[in-house]
Amino acid sequence: MHVERTLPLTVVAARRTLSEHDSKLLLAEHGVTISREVVVADVDGAVAAATEIGFPVVLKLVGARLAHKSERGLVKLGLRDALSVAHAAHELLEKRLASDGDVSLLVAEQVIGGRELIVGLVRDAAFGPTVLLGAGGVSAEAVSDTQLRALPISRADLDDMLESLQSANL
C-alpha cells in the first residue's frame, strides 16, 4: 500500500516531529527493515489493510496530538481476523477526543520479539544530531532506561548502547 507525499520525508522531517508511521518510512528509505503497515481513515479501510497485510495485526489510533496511545487504550494487539479488526477500529474511533484533532487508524503487522526499543533523533543545541536508544513499549517513560550518542555512530557504538541499557539482560 502506497502513501502519497507532496514532499520527500527528509524535507518533512526537517520541519516537524514525525509520526510513528512517517518515522518508520524514513528509516526504511535508509535501509532499516520495518513491519508492514498502513494508515487508513475508517473501519472498512482497517479491515481491508489487515486482510492484505495478514493476521495477526496491531491497530492504533494515531494523530499529530496522540503521543501516549497505550495510556489511553488506543492500541489493540493480536487481532486475528477481520471481525476483531472491525470491532477494534470502531472502539478506537469512539475513544477519539475533540482535543486529539485529526486522527487515523494505523494497521500494522504484529511482530513478536524479545524486547521493544525506543529510538529517537534530535538536533541538540550543543552536540548536534543525537540518537536516543532505550527500553521501549508501554514502560518507555516509566523505566527511563536510555542511552544517548552524538551522530554519526558505528555498529560498535550501537552495540555498546544496547549493552549499556540497564534492561539489556531482560
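User: Hi! What counts as a helix or a strand here?
Analyst: Both are DSSP runs numbered from the N terminus: helices are H or I runs of at least four residues, and strands are E runs of at least two.

User: And what sort of model is this?
Analyst: This is a predicted model, in which local features need pLDDT of at least 70 and side-chain atom pairs count only at pLDDT 80 or more, while totals for chains, interfaces and linings use all residues. Residues are numbered from 1 along each chain as its sequence is written, and side-chain values use heavy atoms, with hydrogens and water left out.

User: Great. How many helices and strands are there in the protein chain?
Analyst: The protein chain has 6 helices and 7 strands. Following the sequence, their pattern is α-α-β-α-β-β-α-β-β-β-α-β-α.

User: How much of the chain is buried?
Analyst: Of its 170 residues, 31% count as buried. Buried is under 20% relative accessible area, exposed is over 50%, and partly exposed is in between (1.4 Å probe, protein chains only).

User: What about contacts between residues at least 24 apart?
Analyst: They make up 46% of the contacts between residues at least 6 apart in sequence. A contact here is heavy atoms within 4.5 Å.

User: Which residues have the most contacts inside the largest nonpolar core?
Analyst: Those are Val40, Ala46, Val57, Leu59, Leu61, Leu105 and Val107, in a core of 21 residues. At least two core residues come from each of β1 (37-40), α3 (43-53), β2 (57-62), α4 (82-94) and β4 (104-109). A nonpolar core is a set of buried Ala, Val, Leu, Ile, Met, Phe, Trp, Tyr and Cys residues joined through side-chain atoms within 4.5 Å.

User: Let's pick valine 107. What is valine 107 in contact with?
Analyst: Setting aside neighbours within four places in sequence, valine 107 is in contact with Arg36, Glu37, Val38, Val40, Ala46, Ala49, Ala50, Ile53, Val57, Val58 and Leu59.

User: And leucine 61, buried or exposed?
Analyst: Leucine 61 counts as buried because its relative accessibility is 0%. This residue sits in strand β2. Its C-alpha is 6.0 Å from that of leucine 92, 31 residues away along the chain. Beyond neighbours within four places, the contacts of leucine 61 include Leu66, Leu74, Leu92, Val103 and Leu105.

User: Valine 103 is on that list. Where does valine 103 lie?
Analyst: In the loop between α4 and β4. Valine 103 is buried, with a relative accessible area of 18%. Glycine 63 is 40 residues from valine 103 in sequence, but their C-alpha atoms are 4.5 Å apart in space.

User: Switching to α4: what should its span be?
Analyst: At 1.5 Å a residue, its 13 residues should span 18 Å, and the end C-alpha atoms are 18 Å apart, which agrees. The expected span is 1.5 Å times one less than the number of residues.

User: Which residues of α4 are buried?
Analyst: Val85, Ala86, Ala88, Ala89 and Leu92. They pack against α3, β2, β3 (75-79) and β4.

User: What does alanine 86 touch?
Analyst: Not counting residues up to four places away, alanine 86 touches Val43 and Val47. Alanine 86 is in helix α4 and is buried at 18% relative accessible area.

User: Where are the cis peptide bonds joining phenylalanine 55 and leucine 151 to their partners?
Analyst: Phenylalanine 55 is joined to proline 56 with omega about 0 degrees, and proline 56 lies in the loop between α3 and β2. Leucine 151 is joined to proline 152, again with omega about 0 degrees, and proline 152 is in the loop between β7 (146-150) and α6.

User: Last topic. What volume does the second largest pocket have?
Analyst: About 270 Å³. Among its 13 lining residues, Val119, Val131, Leu133, Ile153 and Leu158 are the closest to its centre. On a 1 Å grid over the protein atoms alone, a pocket is an open set of points where a 1.4 Å probe fits, with protein on both sides within 12 Å along at least five of seven lines; lining residues have an atom within 4 Å of a point. Points are joined across faces, edges and corners, and the volume is the space filled by probe spheres set on them.

User: Which element gives the most to that lining?
Analyst: α6, with 4 residues. β5 (117-124), β6 (128-135) and α6 (155-164) each supply at least two. The lining divides into 11 nonpolar, 1 polar and 1 charged residues, where Ala, Val, Leu, Ile, Met, Phe, Trp, Tyr, Cys and Pro are nonpolar, Asp, Glu, Lys and Arg are charged, and the others, Gly among them, are polar.
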